[in-house]
Amino acid sequence: MASRTATPWGPADLVEELTLRQQVGGRRFASVVQLLETEKGERLVRFAYSTDGIARRGPVTLRERDIARLRADLARHPALAEALGW
């Protein structure tokens, strides 16, 4: 994953990304958790949500069962799990 993104701390590289697909009624969307690393080596964790594959700003809301799925999916994303302390 060699993607660069802008942050308030300057440019950062995308290290890992976990996408948690969600649905309510007929609406489908996804919550995204990203591990970013700045040029100075500082690690940042960004939460976002996406619709139609486009990341959106705003609050990210996870149900209790989504948190359980997030924890399970973090097994495949060890650097992100470590950054979250899980």
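**Exercise 1. Confidence along the chain**

Solution: 
- Step 1. For the chain, the mean pLDDT is 90, and 98% of the residues reach 70 or more.
- Step 2. Where pLDDT is low, predicted coordinates should not be read in detail.

**Exercise 2. Order of the elements**

Task: State how many helices and strands the chain has, and write their pattern along the sequence.

Solution: 
- Step 1. The count comes to two helices and five strands.
- Step 2. Read along the sequence, these elements give β-β-β-β-β-α-α.

**Exercise 3. Overall size and surface**

Task: Decide whether the radius of gyration agrees or disagrees with that of a compact globule, then describe the extent, burial and surface of the chain.

Solution: 
- Step 1. A compact globule of 86 residues would have a radius of gyration near 12 Å.
- Step 2. The chain has 13 Å, so the value agrees with the globule.
- Step 3. Along its principal axes, the C-alpha trace spans about 45 × 25 × 20 Å.
- Step 4. Of the 86 residues, 31% count as buried.
- Step 5. The accessible surface is about 6000 Å²; carbon and sulfur atoms make up 50% of that surface.
- Step 6. Among contacts with a separation of 6 or more, 37% join residues 24 or more positions apart.

**Exercise 4. Charges**

Task: Count the positive and negative side chains and say how far apart the centres of the two sets lie.

Solution: 
- Step 1. There are 14 positive side chains and 11 negative ones.
- Step 2. The centres of the two sets are 7 Å apart.

**Exercise 5. A loop residue and a helix residue**

Task: Is H77 buried or exposed, and which residues do H77 and R69 touch beyond four places in sequence?

Solution: 
- Step 1. H77 sits in the loop between α1 (64-73) and α2.
- Step 2. The cut-off for buried is under 20% relative accessible area. H77 has 16%, so H77 counts as buried.
- Step 3. Not counting residues up to four places away in sequence, H77 touches E16, E17 and L18.
- Step 4. R69 lies in helix α1 and has a relative accessible area of 35%, so R69 is partly exposed.
- Step 5. With neighbours within four places in sequence set aside, R69 is in contact with L20 and R21.
- Step 6. R69 and R21 are 48 residues apart in sequence, and their C-alpha atoms are 9.9 Å apart in space.

Note on methods. Residues are numbered from 1 along each chain as its sequence is written. This is a predicted model: local features need pLDDT of at least 70, side-chain atom pairs count only at pLDDT 80 or more; totals for chains, interfaces and linings use all residues. Side-chain values use heavy atoms; hydrogens and water are left out. pLDDT is the predictor's confidence in each residue, from 0 to 100. Helices (H or I, at least four residues) and strands (E, at least two) are DSSP runs, numbered from the N terminus. Buried means under 20% relative accessible area, exposed over 50%, partly exposed in between (1.4 Å probe, protein chains only). Contact means heavy atoms within 4.5 Å. The radius of gyration is taken over C-alpha atoms; the globule rule is 2.2 Å times the number of residues to the power 0.38. Accessible areas come from the Shrake-Rupley method with a 1.4 Å probe; for residues, only the protein chains shown count as cover. Lys and Arg count as positive and Asp and Glu as negative; His and the chain ends are not counted. The place of a charge is taken as NZ of Lys, CZ of Arg, CG of Asp or CD of Glu.
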